[in-house]
Amino acid sequence: MSAGAAVPRPTPAALVLARRPHPSTDALAATLAAALLGAKTWSKTEMIDAGAHVLGARRRWLGPLATEILSSYPRAPTDSPRELAAHIIDCAAFSNAIEAATSRGVPNIIAHYPLTPPLTPPQARAVTSALPRLDTLGDLAAFLTLTPGELDWFADTGQWNRTARPGALHHYRHEWRVRPGRTPRLLEVPGTRLRALQRTLLHDLLGLIPTHGAAHGFVPGRSAVTGAARHTGTAAVISLDLTTFFASVTGSAIYGTLRRAGYPESVAHSITGLCTHAVPPRVIAAMPPGGDPAERAALRRALAAPHLPQGAPSSPVLGNLALRRLDARLAGWADAAAATYTRYADDLAFSGGTDLRRRADAFVRGVTRIALAEGHTVNPHKTRVRPASVRQSVTGIVVNEHPNISRVDADRLKAILHNCELHGPAGQNRAGHADFRAHLLGRISWVEQLNPERGARLRASFGRIRW
């Protein structure tokens, strides 16, 4: 090029490519975490070298940062890069470096990104032998018969569905259910494919994780009857109810449950995304009237964050698993009072002798405090303390002497069957059940579990109905 020739101006694309981006604190910490976990050995020297490669220079604060990390993690948290990144942000050496760079106006630059995330070595995992081994997202995708892209789409860890426009691509369908005098309930019904994935996780993974012995709902071999049977013939029965049960079980609680089961961070994060949901603002804004203002506000906050959707097949079992710590604490509280504790979904039941009856108010206050500490609220309007002199019931089952159906419910069903026999079933389906015959058979089967003799008489009456 001659001396007088004009220097060509760089194109806009070249200017963009020549920029050195200023990463956010979170991005820098995440990149450092990936680099440190990819180091040859988990040692201070190798960690400093890995950090220097990321930053493009050997910064003075890398040594103190490595020392802080090693004091908290003597062994590499190979399956927890996000946890390590969060720890790096909390380290004094890192925060001081960020503050110093900001004050000088010369932010830290990421010169090199780790090419691949470190793989989880099998020996770092401690999954229960009954559970499927899923060390990577690729394993999870293969387990669910999905491509990696489809797994990312259905897990929706970025909550894209929450802000997307209404359309067929949304994973959930929402239905508000009005309850007179009470806060409305939102049904969150997953789409066909997502529901199938949740059922696979339920049957082949989640259902294999042990639950607490106090949980009697949605557990094989246990039921409302087995739970109620634990409270028969006692001086006092105390019943409490947790408000907005499914919405109160957060995504972080589900993630923690999966991590405790031994699954690596990335797998637990994706399974959490598959089984939780954050409701779009437009759906929350359409909440129909009804209920206490404080309860409505609490429900809005819970629905806006990732939570267990009421309508997903995986939610009941995950609710049991997420409440294992609450169950353990309440069981301990009951043991201290010589009482018995069971839980069926959101229904808490306690029973005991005369000491529990005399101190019922103090006992209920303790239960309320424990539930609040675990992120749940007890509905004060549904708290009941029943001595032996009145009808004691647990989840609708009378438990004064033995598990039994209430006389009112039995007589009501008997009257319906009698009217069906005399006048035909069409005029008795006042609730509009799609399959009234199956509905009646289900109610008779429920009576048979509690009172076989009465159930046999009701079934005989059902047999005389002309359908």
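This is a predicted model: local features need pLDDT of at least 70, side-chain atom pairs count only at pLDDT 80 or more; totals for chains, interfaces and linings use all residues.
Author: A residue counts as buried when its relative accessible area is under 20%.

Reader: How many salt bridges does a search of the whole structure find?

Author: The search finds 13 salt bridges. One of them joins the side chains of D327 and R343, at 2.9 Å from N to O.

Reader: Where do D327 and R343 lie, and what does the pair tie together?

Author: D327 belongs to helix α18 (residues 324-336) and R343 to strand β4 (residues 340-344), so the pair ties together parts that are 16 residues apart in sequence.

Reader: Are D327 and R343 buried or exposed?

Author: Both D327 and R343 are buried. Each therefore has a relative accessible area under 20%.

Reader: Which residue meets E421 in a salt bridge?

Author: The partner of E421 is R464, and their side chains come to 3.0 Å, N to O. This pair links distant parts of the chain, 43 residues apart: E421 is in helix α21 (residues 407-423), while R464 is in the segment after α23 (452-463).

Reader: How exposed are E421 and R464?

Author: E421 is partly exposed, with a relative accessible area of 30%. R464 is also partly exposed, at 48%.

Reader: Which residues do salt bridges with shared partners join into one network?

Author: That network consists of R173, E175 and R177. Within it, R177 forms a salt bridge with E175, and their closest N and O atoms are 3.2 Å apart. R177 is partly exposed at 42% relative accessibility, and E175 is partly exposed with a relative accessible area of 25%.

Reader: Turning to pockets, how much space lies in the largest pocket?

Author: The largest pocket holds about 1,200 Å³ of space. It is lined by 50 residues, and the closest to its centre are D241, L242, T243, T244 and D346.

Reader: Which element gives the most to the lining?

Author: Helix α16 gives the most, with 7 residues. Other elements that each supply at least two residues include β2 (185-190), β3 (236-241) and β5 (347-352).

Reader: What is the lining made of, by class?

Author: The lining of the largest pocket has 21 nonpolar, 16 polar and 13 charged residues.

Reader: Finally, how is the chain divided into domains?

Author: Domain 1 covers 21-104, domain 2 covers 137-164 + 172-211 + 246-314, and domain 3 covers 407-464. The C-alpha centres of domain 2 and domain 3 lie 36 Å apart.

Terms used:
Residues are numbered from 1 along each chain as its sequence is written. Side-chain values use heavy atoms; hydrogens and water are left out. Domain bounds come from an automatic or database domain assignment. A salt bridge is a side-chain nitrogen of Lys or Arg within 4 Å of a carboxyl oxygen of Asp or Glu. Buried means under 20% relative accessible area, exposed over 50%, partly exposed in between (1.4 Å probe, protein chains only). Helices (H or I, at least four residues) and strands (E, at least two) are DSSP runs, numbered from the N terminus. On a 1 Å grid over the protein atoms alone, a cavity is a set of points where a 1.4 Å probe fits but cannot get out, and a pocket is an open set with protein on both sides within 12 Å along at least five of seven lines; lining residues have an atom within 4 Å of a point. Grid points are joined across faces, edges and corners, and a volume is the space filled by probe spheres set on the points. Ala, Val, Leu, Ile, Met, Phe, Trp, Tyr, Cys and Pro count as nonpolar, Asp, Glu, Lys and Arg as charged, and the others, Gly among them, as polar.
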